[in-house]
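Trainee: I am new to this one. Could you walk me through it, please?
Mentor: Gladly! Let us look together and take it a step at a time.

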Amino acid sequence: MKININLKDGTAVKNSDIIVGIDLGTTNSLVAYTADGETKTVKAHGGKSALVPSVVYFAPDGEIVVGDAAKEKLETEPENTIYSVKRLLGKSYGDVENMEEYLGYRVIDDEDENTLVKIRVGDKFFTPIELSAEILKELKRRMEAELKANISRAVITVPAYFNDSQRQATRDAGKLAGLDVLRIVNEPTAASLAYGINGQNADAAQKIAVYDLGGGTFDISVLQIEDGIFEVLSTNGDTFLGGDDFDRAIMDYWLAQNDLTKADLQKDKNLSQALRLRAEEAKKQLTYDLKYANDLGTMQCRISRDKFQELITPLVKKTIKCCENALKDSGLAASEIDRVIMVGGSTRVPLVQEKVAAFFGQAVNNSLNPDEVVAIGAAIQADVLAGTQKDVLLLDITPLSLGIETVGGLMDAIIPRNSKVPTRVGRNYTTSVDGQKNLKVAVYQGERDLVKDNRKLGEFILRDIPPMPAGIPKIEIQFILNADGILQVKAKEERSGTETAVEIKSSYGLSEEEMGKMLLDSIQNAEADMKIRSLLEARNEANNVLLAADKFTEQNAEILTDEEKQRTKNLAAALKTATENEDKDAINAAMADLNDYTTPLAHRALDVNIGKAMKGKKV
Ligand code: ADP
Ligand code: MG
């Protein structure tokens with residue numbers, strides 16, 4: 001199946017057949033490709049490095065800047081400069097609550113722990129998907145300048161521990177950047193490919209440990225590779241451990257040395273960012289030198305390699321502990337590992353290499369550039385895919401996404417296109433109305449954000465859900481797709497055990513042409529679709545917040561003053577009005593206003609109610 005997508009809708013521009021490999025990193029991203037049997041990373045015209053810092057800056061005139069130029073703004077305009085967005089991809093506010101003190105920018109919560117995070121820049125709100133798409137667009141531009149042709153297809157890597165929603169968010173970001181994401185590949189798999197390990201010319205299965213210490217995340221994976229099949233035996237790691245923590249350790253040390261506290265830094269975000277950059281500079285220099293000194297105004301910024309190693313020893317130990325756990329889970333002893341591969345910029349630190357080699361009892365593989373190896377491997381995988389494109393259809397792959405309709409007519413893809421079959425994916429949902437007894441499950445196939453633009457495959461109703469308040473029932477919907485393309489959909493309310501299932505024949509019956517058209521449509525409409533999706537999502541959220549606010553004022557009528565009730569009412573009315581218009585930023589802003597105002601009231605009400613409940617009770 002070959003789909004050439006010309007987004008400019010003209011015919012003049014050449015479309016490249018090349019499929020690119022992209023490492024969309026927390027700290028740095030880059031793109032690589034294979035041509036004439038050679039795989040290489042892509043630098044900016046006249047640039048030195050292939051790394052694009054994963055930083056997005058919003059200029060006052062509305063321009064969006066990505067990469068090195070954006071990274072420079074971290075110091076001067078922290079609130080308009082977004083970094084580490086990968087940490088927020090596919091996450092809800094509940095997941096990231098404790099991270100905000102480390103971010104120079106604002107992450108918005110909407111009371112509900114389960115809402116996906118948004119980031120506020122000025123009076124606009126962005127999702128991590130939109131921000132990731134900006135990074136991908138920059139890589140796409142870079143690639144197109146290099147090849148002087150349109151690029152439309154990509155393989156993107158993700159950490160092995162990424163869950164379904166994080167993988168889906170990565171796909172969505174690709175689509176929004178105008179890319180057809182053919183495959184999501186695990187980073188350790190890509191790294192192994194870059195080292196030429198593909199199980200093709202080995203006598204026995206190879207066992208590989210991939211140690212990946214980047215800027216924001218640590219990931220250890222144990223793979224077994226045989227006959228071109230990569231099996232992840234185990235993964236372990238820490239989503240909050242990386243080179244950034246080395247930087248912070250140096251920062252904390254310097255603060256203490258200069259009799260300053262974290263509170264001093266919080267008062268001065270500019271100083272905080274400047275110090276962060278200086279700490280990173282020190283860390284990198286200490287990979288090669290024994291000492292670093294470069295003061296920041298009156299602040300002394302000096303450190304020796306010994307001191308640095310002492311500071312990071314607990315962090316490195318933590319990674320070794322993870323390695324231990326990963327080995328245990330894989331059922332292998334360290335001596336059974338055939339090769340250890342080092343990935344991520346932070347594996348340049350000599351202490352890290354030393355400790356990892358000691359733990360595995362062997363020299364590590366670090367001959368390739370550790371911050372390029374994932375992109376190189378992705379480009380190798382992409383080339384393999386390009387080679388198999390002549391086969392009419394990869395039969396072990398679902399050609400189009402399968403999903404269900406959620407509130408507002410949105411498509412929620414449960415099995416993304418290009419997933420291997422057979423596969424089984426489950427996801428949890430809940431009700432949106434108090435006392436809801438039935439839940440309609442409508443199954444669709446296609447790539448568009450609104451179900452009305454996709455193909456309906458069937459629907460059924462999960463009946464007899466015991467009456468519960470909205471949001472309480474826990475309904476798991478499972479998609480089980482067998483190798484023949486027969487989809488079984490099961491829905492189960494877990495608190496009561498109510499269950500229903502149907503079998504649906506998913507359509508391989510579509511012609512290639514029809515499928516191609518559906519894909520093309522989805523990419524050409526990605527931006528418009530995303531706009532509608534975020535508007536609908538904002539409206540859904542707003543409606544939930546309005547219901548909650550109503551309930552709250554009613555239940556706490558005695559506790560609230562008249563003025564507070566009036567003010568809450570006014571803010572709710574403003575939110576209601578906003579939902580009737582098409583501006584999602586206005587809805588989000590009105591929602592934030594209402595939340596900001598009612599949160600302290602809610603805390604007070606809670607205290608009073610607890611006090612009441614305690615009264616008269618013997619303790
Ligand atoms: P990610 O995969 O998280 O995007 P990278 O693999 O690009 O991250 O690694 C980025 C991290 O590597 C940063 O914390 C950076 O400071 C660190 N790093 C880069 N070069 C060096 C070096 N020479 N010594 C120590 N750390 C380095
Ligand atoms: Mg990485």
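Mentor: First, a term: helices are DSSP runs of H or I with at least four residues, strands are runs of E with at least two, and both are numbered from the N terminus. This is a predicted model, where local features need pLDDT of at least 70, side-chain atom pairs count only at pLDDT 80 or more, and totals for chains, interfaces and linings use all residues. Residues are numbered from 1 along each chain as its sequence is written, chains are lettered from A and ligands numbered from 1 in the order in which they are written, and side-chain values use heavy atoms, leaving out hydrogens and water.

Trainee: Which helix gives the most to the shell around ligand 1?
Mentor: The shell takes in residues with a heavy atom within 4 Å of the ligand. Around ligand 1 there are 19 of them, with E280, K283 and T287 among the closest. Five residues come from the top contributor, residues 269-288, which is helix α8.

Trainee: How far is the backbone N or O atom of G345 from an oxygen atom of ligand 1?
Mentor: A polar contact here is a pair of N or O atoms within 3.5 Å. For the backbone atom of G345, the distance is 2.9 Å.

Trainee: What share of the area that ligand 1 exposes when taken alone does the protein bury?
Mentor: Accessible areas come from the Shrake-Rupley method with a 1.4 Å probe. Taken alone, ligand 1 exposes 580 Å², and the share buried by the protein is 92%.

Trainee: How far apart are the C-alpha centres of domain 2 and domain 3?
Mentor: The bounds come from an automatic or database domain assignment. This gives domain 2 as 402-512 and domain 3 as 527-614. Their C-alpha centres are separated by 30 Å.

Notes. A polar contact is a pair of N or O atoms within 3.5 Å; within protein, one must be able to donate a hydrogen and the other to accept it, and residues adjacent in sequence count only if both atoms are side-chain atoms.
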